[in-house]
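Visitor: I would like to learn how to read the places where parts of a model meet. Could you take me through them in order?

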Amino acid sequence: MSGNPLDKRYAVLGAMLIAPTVLIFCAVIVYPLVSALYLSLFTIFTPTLRGSFIGLGNYAYLVNSPEFWRSLWNTLLWTVCTLTLQIVFGVAAALMLHQNIVFRSLARSLILFPYFVSTVVAVLVWRWLFNDLYGVMNHLMLMAGLIKMPLDWLGSMPNAMISIILVGAWKYFPFVVIAVLARLQTIPDALYEAAKIDGAGAWSRFVDITLPQLRDVLVVVVLLRAIWDFKEFDLIYLLTGGGPIIATQTLPLMVYKDAFGLNDMGRASAVAVSMMLVMLSFMVLYLKLAGRGERESQP
Amino acid sequence: MADVSFQKVRKAFGSAVAVKSLDLAIGSGEFVSLLGPSGCGKTTTLRMLAGLEFPTEGEIRIGDRVVNAVPPGQRDIAMVFQSYALYPHMSVGENIAYPLKKRGVGRAERDAKVASVAATLQLGALLDRKPRQLSGGQQQRVALGRALVRDPKVFLLDEPLSNLDAKLRAHMRAELIELHRKLGKTFIYVTHDQLEAMTMSDRIAVMHEGDLQQFGAPMQVYEKPANLFVAGFIGSPAMNLLPGMIESSGSGLAFVRQGLRLAVGAGGQAGQKVTIGVRPEDIALGSGPFVATVRIVEPTGHETIVMADIGGQSAIVRVQPDTAHVVGSETPFAVRTSRLHAFDSVTGARLDLAFAPPAS
Amino acid sequence: MKTLAGRIAFNLFAWTVVLVTAFPLIWMILTSVKPQFELFRIPPTFWPEQITFEHYVRLIYETPFLKYMRNSLILGFTTTIVVVVVATLGAHSLVRFRYPGRERLAQMVLFTYLLPSVVLILPLYLMMVWLGIANTIFSLVIAYTTFALPYALWLLRSFMQGIPDDLEAAALVDGATRMEAFVDVILPQALPGIISTSLFTFILAWNEYLYALVLVNTDEARPLTTGVMSMLVSAFNIEWSLLMAASVMMSLPLIIIFAFLQKYLTRGFGAGGVKG
């Protein structure tokens, strides 16, 4: 920065405008983040909030805890499966909505709605659909002859895991749809016309033109959704509560259970911190990608 | 009296230097163009003058006031942007009135001034429209109107015509010249288009890579380019630059390169690496002591451009449209030695070299 | 899709997919207007044999639903106003001012935008207890800024980067100060972006569950998400049509936004959600 007084005045004004943000960030994000690390070194009884320092004891406990590893495994399984479904359905639906269908904007709204609706609403509706006695799902599958007995969708394994994965896919695939649809609209028609002239069929046009054009946006979408699916709490907690027993318990649920069910905030913090460490690789990758895109878009 | 002056002004963005060390004094009422290829520092120079960028070193004066730390609005300048930068949410009238409003001019006076500017620029019927409802040419006028309404000391124009089509551009050029004559204010005009600079300016400042290359009247810049860069940049088609060497030749010196040998009447020394510059109109094909091979012939109607090979280097020659040249044929040619330019091949600086007329 | 038959077939297929996707939501609405006894039919009826709004009436008169709704509205609007005001100033600063640390700050915003709530929630819980504001709507407003502020900042920053620099420069040359240029020129241009961001922030706040679950356990401050779930848990036998009616009511703001302001949603998505 030069020593120009006007330049300095501008910099001060800029700093003043960002100051509220920085203050709030420090108070509600930076401080809690640091104190989560700090808390994870204690054992704290939640109701009284009394605790004692145990160093890395919580982490040592977690390394030897089958529950932790099971929760991590559940988290990964849920993330990978639901993310895959989201991407596949999302891209397919985007391609479909990109075509000229009747009442396209209404169709678009209906497809997007699950993403914007509260998880609480989504879960209530799905629990009603999954209801073992009067649920439509069981009824339809019985009618179609796929099952002979009504299924227990949420209370037994592997049904519970499959159910949360399906509901997760339903709730979050519209995100992929919007992202992909926005990108599709920017692919110039000339590309397709050129390919047509060169004799490319519909499939090879998709593989040779559409997919490469979508690659960048898909990388970003996969990373973002992976991060968000990994930390998903509401949907799983409300559908199964992590059950049966801990069969669908993911790490965020374990944090909640340790803190408010088992009343050990220290250990819960240790789980949360461990979870964040796993996520960090995704986050760093995303930050790098986003940073690159930013530099490219600036002159 | 200098109206605007730069003294040893330097501007760096981090490690990138946009303007190296600029000294420039612009007289009151002058129309000066800052001319150069993109990235030469001309826009940065203008933006520093406007107060939108701050010089890293040096002083900028408007009138006798150092304005380095004066906010743009208090510099008594007005600026027309390449993108026009019209406020999209304001009507044409509000756009033009905005500078007055910011200066606390009362409503009645504001309206009167806007009306008078609108009348000058034939915008009267458009005052209630939004900028996006206007054509490019109309938007341009509004941008101009917003600058005019203030009656500032200095007008800054950043490539104002580059977004217009060719016909409109020619028209606006004439209008700007007329406007400048009428107002008698200082105009500083940034452009990469030498035609604009040549036709409109009192003086042209040619810039390249953050350095001022030459500052002079259009014909001076054309007739006496200060260095190789200016020589190659000014003129269309560009001047032919032919590198060679000064050698002793009998009693005197001669410029020698493949396919060309010119006796030097004065200046220069043997062994010096020299590049000569010949404008396309200063080569005469058809007769002469040298031989060129015709490569490409481009008739444009009122003249014909011939690309010819002179000793392994292609040169551009302007000829009358009625002369026929066959591609691939060899043709004799002569150069008008009185109009030759010579430059030091190493430093690029102009050399004072006189060439003897060809012995006929 | 050249032949008419092909077009019709494709349209049918596409709309089948759309309706299957939307089925749970359609089913929610249908269930909410069926009389209680009709739910227990086997096989279930699709169209209600008899349309009733008794569940909505009961929801409003016999449950704390309206109280939850009021809490959610206060919470949603307060969070949105606080976050959008702070983020608009912050984004403007990040985009148009130069000072040391600006790039780092922008990166940190993006980082916090990805941060999992469960990491912050325990310290925040302790903080609220310590401040003595646990169990208040205010504590939720504070907690919601942890995800809403980075999100709004990022979104607004993208929007503001789309406003040409020349506009502010022109205003400065025309005699405006930096703040006047912000108010006169940048703000009107950023308005669509601000509306988008407000809508997204409001939806985020409206739908949030985890913080509400942890930080509030009194009906006085409970928003709709945890409130409606508590109705499910506390009910002796689950009244699905009542819950579906609650779900419909809870989705009303979204339906309104979708019906009238959808362009702002998709625009917001393009600007910040995906581009990153």
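**Reading the interfaces**

Guide: In this predicted model, 4 residue pairs, both members at pLDDT 80 or more, are in polar contact across the interface of domain 1 of chain A and domain 2 of chain A. On the side of domain 1 of chain A that touches domain 2 of chain A, α1 (5-39) and β1 (42-45) of chain A each supply at least two residues, and the residues of that side divide into 9 nonpolar, 3 polar and no charged.

Visitor: How many salt bridges are counted between domain 1 of chain A and domain 2 of chain A?

Guide: The count there is 0 salt bridges.

Visitor: How should I read the size of such an interface?

Guide: The size is often given as the accessible area lost when the parts come together. Between domain 1 of chain A and domain 2 of chain A the buried area is about 800 Å², with 67% of it from carbon and sulfur atoms. Of the area that domain 1 of chain A buries against domain 2 of chain A, Ser40(A), Ile44(A) and Thr46(A) supply 46%, more than any other three residues.

Visitor: What area do chain C and chain A bury between them?

Guide: Chain C and chain A bury about 8,200 Å², 82% of it on carbon and sulfur atoms. Helix α1 (residues 4-32) of chain C gives the most to the side of chain C that touches chain A, namely 16 residues, and the residues of that side divide into 69 nonpolar, 19 polar and 4 charged. In terms of contact, 92 residues of chain C meet 90 residues of chain A.

Methods:
Residues are numbered from 1 along each chain as its sequence is written. Chains are lettered from A and ligands numbered from 1 in the order in which they are written. This is a predicted model: local features need pLDDT of at least 70, side-chain atom pairs count only at pLDDT 80 or more; totals for chains, interfaces and linings use all residues. Side-chain values use heavy atoms; hydrogens and water are left out. Contact means heavy atoms within 4.5 Å. Buried area is the accessible area (1.4 Å probe) that two parts lose on being put together, summed over both. Helices (H or I, at least four residues) and strands (E, at least two) are DSSP runs, numbered from the N terminus. Ala, Val, Leu, Ile, Met, Phe, Trp, Tyr, Cys and Pro count as nonpolar, Asp, Glu, Lys and Arg as charged, and the others, Gly among them, as polar. A salt bridge is a side-chain nitrogen of Lys or Arg within 4 Å of a carboxyl oxygen of Asp or Glu. A polar contact is a pair of N or O atoms within 3.5 Å; within protein, one must be able to donate a hydrogen and the other to accept it, and residues adjacent in sequence count only if both atoms are side-chain atoms.
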